[in-house]
Amino acid sequence: MKVSEYVEHDAVGLAELVAAGEVTPAEVAAAAREAVRVVDPEINAVVETWATDDEPAPAPGSAPLAGVPFLIKDLGVAMVGRRTELGSRLAAGHVAGADSSLMVRLRRAGLVTFGRTTTPEMAYSITTESAFHGPTRNPWDPARSAGGSSGGAGAAVAAGIVPVAHATDAAGSLRIPAAYNGLFGLKPTRGRVSVGPDFDEIFNGLGVQGSVSRTVRDSAVLLDRISGPESGDPYSAPQPPRPYAEEVTRPLSRPLRIGVLTQAWGGRRTTAPVADAISRTVRLLESLGHRVGEARVGLGVGWDEFVLANARLMTANLAASVDALAAASGRPVDDSTLEPVTLAGHRYGQRVSGPQFVAALAVRNRVARSLARYFDTYDLLLTPTLPELPMLLGEYGQGADALDGFGWIERLNDRSPFTMACNVAGTPAMSVPVVSDPETGLPVGMQFAAGYGGEGLLFRLAGQLEQASPWSGRTPAVWAGSSRTR
């Protein structure tokens, strides 16, 4: 199988070819490895690859994604015998002693995991530019960021290395790379996918597991295979009435009532190219019969209180993780092992008191209740995923050395003001590459948020949008199916 043929198929399509005997898993794997060789030097999305000959290969057709090459993020999932380094010198060389619950399910889905993707240190940024592995470049414009914290996953999928890849999302870390790289990415409801057994929840429920993909059906099929509770989980999302894979082609029973929020909470202005993109998206939705109007949706708390609560939750969790890694590795917590912003977050998190932490959890509850009231009236909320086009590499970190732990989280919320509320509320949201910027050709992600447990509705709308405004034909400048590999 040539790379140029490989990149023309999504994960479901590749699995169908394997099941039909038209191509072998070994041939598909060879094409994926060749794509890494050709394209990764330009984007730096893959930390490492490994041989899979010693792992039992799924029989063709035995699982929905049998024989499909897959990459896991260097954080949030453990694969026995493989390194998980969190993009950090502090965790360098750490090898997982057992599969996490998610990894077990990825194997059962038939995926052939052959490497891991880059992440900013501790997933603590919305751009993937770690000191440990260097910057990950956007396949649409290598001078720009691929987003974060699942930037390696986003860049690898957009560049054609794999059709779908593992991602996590605690503040937009899945949706931001999806938007930057022209992909589909859905953040599930809190508790939809188990993060066990080593954790009961990530960042007090802000963090969830998911994927980014080039097609909607790939994300739906994969979520079907990885969702559901494990024994010992503290809570779980309600079971959907039907598989998500069926929702993608299931017609909507009625027009949806969709509220639009163009200017974000906190005062961050949406730039002109993105404002134009959301106007075009609204016109598309209206042409499909949906009722779309300006939304009035509050967070239930003031913006400053929202940011402060996030800073306390995120830095306290960061401090605990850093201290545990330092104890396990015997390494010091200083600038020889951590980047300046991570050190600043660690110091800030160590000072968060118990009462302050509990008060931050109370803010989380108020935000969740406020958004729930909005979804009593509206089916969905439409916002830009981000208020601006993909930033240039190096831009996000300018002046970061002068920021304390709160200042860094304040910057994160300012540059990504639309995504965090869904993490705090625990509700599902997706970034859809409905349109692109006509001047630069860069993708522009549109975020659709639903009420608790509303992934099925999101998949139904995503399937409709994919049919009405296909994006699979839009490919970036750095593409593994280029003339170099034909």
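**Ground rules.** I number residues from 1 along each chain as its sequence is written. Since I have a predicted model, local features need pLDDT of at least 70 and side-chain atom pairs count only at pLDDT 80 or more, while totals for chains, interfaces and linings use all residues; side-chain values use heavy atoms, with hydrogens and water left out.

**Entry 1: the three-stranded sheet.** I began with an open sheet of three strands, ordered E1-E3-E2, with mixed pairing. Its edge strands are E1 (46-49) and E2 (69-73), each pairing on one side only. Helices (H or I, at least four residues) and strands (E, at least two) are DSSP runs, numbered from the N terminus. Two strands pair if DSSP finds at least two bridges between them. On average, neighbouring strands here are turned by 35 degrees against each other, direction ignored. For such angles, axes are lines fitted to C-alpha atoms, for helices over the stretch in contact, and values run from 0 to 180 degrees between N-to-C directions.

**Entry 2: a look along E2.** E2 and E3 (residues 112-117) run parallel and are joined by five bridges. I found leucine 71 opposite glycine 115 of E3, and lysine 73 has threonine 117 in E3 as its bridge partner. Are the residues of E2 buried or exposed? Five of its five residues are buried, where buried means under 20% relative accessible area, exposed over 50% and partly exposed in between (1.4 Å probe, protein chains only). Pro69, Leu71 and Lys73 point one way, and Phe70 and Ile72 point the other way.

**Entry 3: helix H4.** Together, E2, H4 and E3 build a right-handed β-α-β unit. Right-handed means that, with the strands pointing away from the viewer, the path from the first strand over the helix to the second runs clockwise. Arginine 108 belongs to H4 (residues 101-108) and counts as exposed because its relative accessibility is 60%. I also checked arginine 225: it is 117 residues from arginine 108 in sequence, yet their C-alpha atoms are 7.9 Å apart in space.

**Entry 4: the eight-stranded sheet.** Next I followed an open, mixed sheet of eight strands in the order E8-E10-E9-E14-E15-E13-E11-E12. E8 (164-169) and E12 have a single partner strand each, so one side of each is left without a neighbour in the sheet. From one strand to the next, the twist averages 25 degrees. E13 (residues 380-384) and E15 (residues 443-450) are antiparallel over five bridges, with leucine 381 opposite alanine 449 of E15. E11 (residues 257-260) and E12 (residues 291-294) run parallel, joined by four bridges. The chain goes from E11 through helix H9 (residues 272-287) to E12 in a right-handed crossover.

**Entry 5: the cores.** Which residues touch the most other members of the largest nonpolar core? They are Ile161 and Phe448, in a core of 93 residues. A nonpolar core is a set of buried Ala, Val, Leu, Ile, Met, Phe, Trp, Tyr and Cys residues joined through side-chain atoms within 4.5 Å. Helix H3 (residues 25-43) gives the largest share, seven residues. A second, separate core has 59 residues, including Ile176, Leu261, Val301 and Phe306.

**Entry 6: helix H10.** Last, I checked a length. The 27 residues of H10 (residues 303-329) should span 39 Å at 1.5 Å a residue, and the end C-alpha atoms are 38 Å apart, which agrees. The expected span is 1.5 Å times one less than the number of residues. Glycine 330 follows H10, with a positive phi near 75 degrees.
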